[in-house]
Amino acid sequence: MSMTDPIADFLTRVRNAISAGKKTVDIPASKMKSGIADIMLKARFITDYSIVETEGNKKYISIKLKYNDGVSVIEGLRKVSKPGIRTYKAAEKLPRVRNGLGIAVISTSKGLMTDKQARSANIGGEVICEIW
């Protein structure tokens with residue numbers, strides 16, 4: 001069965017792993033998902049991630065979640081642009097997540113970047129998700 005929204009599945013797996021108190025979560029790999037994981041790593045929402053290849057040429061992203069005193073660093077994840085309703089914003093209209101404490105992942109013509117990076121480069125794009 002094909003998946004209609006793999007990014008929503010990515011966010012849901014991370015959210016479920018956090019609520020279950022897991023240290024790692026495995027997610028089927030794609031370029032977009034590894035790009036989001038890389039942004040999460042640079043923003044220090046996760047400890048580390050790696051792409052693991054299993055037999056049968058299946059690739060998974062193994063994400064190590066980050067906790068401070070047993071409480072997850074990630075408070076929330078929200079998918080903004082959905083398959084039925086794509087959300088595009090100009091550079092000056094990009095959302096500020098929790099007054100700059102969170103990040104919005106933006107898909108631009110220059111690749112995936114945070115809202116702060118897109119604003120400084122004056123590039124708009126599709127708002128994929130928000131992480132705080």
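Is Asn99 buried or exposed? I looked it up, and Asn99 comes out exposed at 75% relative accessibility (exposed is over 50% relative accessible area, buried is under 20%, partly exposed is in between, with a 1.4 Å probe and protein chains only).

**Ground rules**

I noted that this is a predicted model, where local features need pLDDT of at least 70 and side-chain atom pairs count only at pLDDT 80 or more, while totals for chains, interfaces and linings use all residues. Residues are numbered from 1 along each chain as its sequence is written, and side-chain values use heavy atoms, with hydrogens and water left out.

**Positive phi**

I checked the backbone at Asn99 and got a positive phi of about 55°, although Asn99 is not a glycine. I found Asn99 in the loop between strand S7 (88-89) and strand S8 (103-108). For the element names, helices (H or I, at least four residues) and strands (E, at least two) are DSSP runs, numbered from the N terminus.

Asp69 turned up too: it is not a glycine, yet its phi is positive at about 55°. Asp69 sits in the loop between strand S4 (67-68) and strand S5 (71-72). I have Asp69 down as exposed, because its relative accessibility is 82%.

**The sheet**

Next I traced an open sheet of 3 strands, with the order S1-S3-S2 and antiparallel pairing. Two strands count as paired if DSSP finds at least two bridges between them. In general, strands of a sheet pair through backbone hydrogen bonds, either parallel or antiparallel.

Which strands stand at the edges? They are S1 and S2, each with a single partner strand, so one side of each is left without a neighbour in the sheet. I noted an average twist of 20° from one strand to the next.

Between S2 and S3 I have 7 bridges, and the two strands run antiparallel.

I then looked at what the helices do. H1 lies across S1 and S3 and runs at about 165° to S1. H2 packs on the sheet and touches S1, S2 and S3, its direction making about 155° with that of S2. Here contact means heavy atoms within 4.5 Å; axes are lines fitted to C-alpha atoms, for helices over the stretch in contact, and angles run from 0 to 180 degrees between N-to-C directions.

I stopped at Ser34, which lies in helix H2 (residues 31-42). Ser34 is buried, with a relative accessible area of 16%. Leaving aside residues up to four places away in sequence, Ser34 touches Tyr49, Ile51 and Ile61.

**Cores**

How many residues does the largest nonpolar core have? I got 25, and those with the most contacts inside it are Phe10, Val14, Met40, Ile63, Leu65, Ile74 and Ile131. Such a core is a set of buried Ala, Val, Leu, Ile, Met, Phe, Trp, Tyr and Cys residues joined through side-chain atoms within 4.5 Å. Elements giving two or more residues to this core include helix H1 (6-20), strand S1 (24-28), strand S2 (46-53) and strand S3 (59-65). H1 gives the largest share, 6 residues.

I listed the neighbours of Leu65, again not counting residues up to four places away in sequence: Val14, Ala17, Ile18, Lys22, Lys23, Val25, Ile46 and Thr47. There is also a second, separate core of 9 residues, including Val97, Ile106, Met113 and Ala118.

**Salt bridges**

I have 5 salt bridges in the structure (a side-chain nitrogen of Lys or Arg within 4 Å of a carboxyl oxygen of Asp or Glu). I went through these pairs, among others:

- Asp9 and Arg13 meet at 2.9 Å, N to O. They are about one helical turn apart, because 4 residues separate them in helix H1. Arg13 is partly exposed at 31%.
- Lys42 and Asp38 meet at 3.2 Å, N to O. This pair is also 4 residues apart, in helix H2, so about one helical turn separates them. Lys42 is exposed at 62%, while Asp38 is partly exposed at 24%.
- Glu126 and Arg86 meet at 3.2 Å, N to O. This pair links distant parts of the chain, 40 residues apart, with Glu126 in strand S10 and Arg86 in the loop between strand S6 (77-79) and S7. Glu126 is buried at 12%, whereas Arg86 is partly exposed at 46%.
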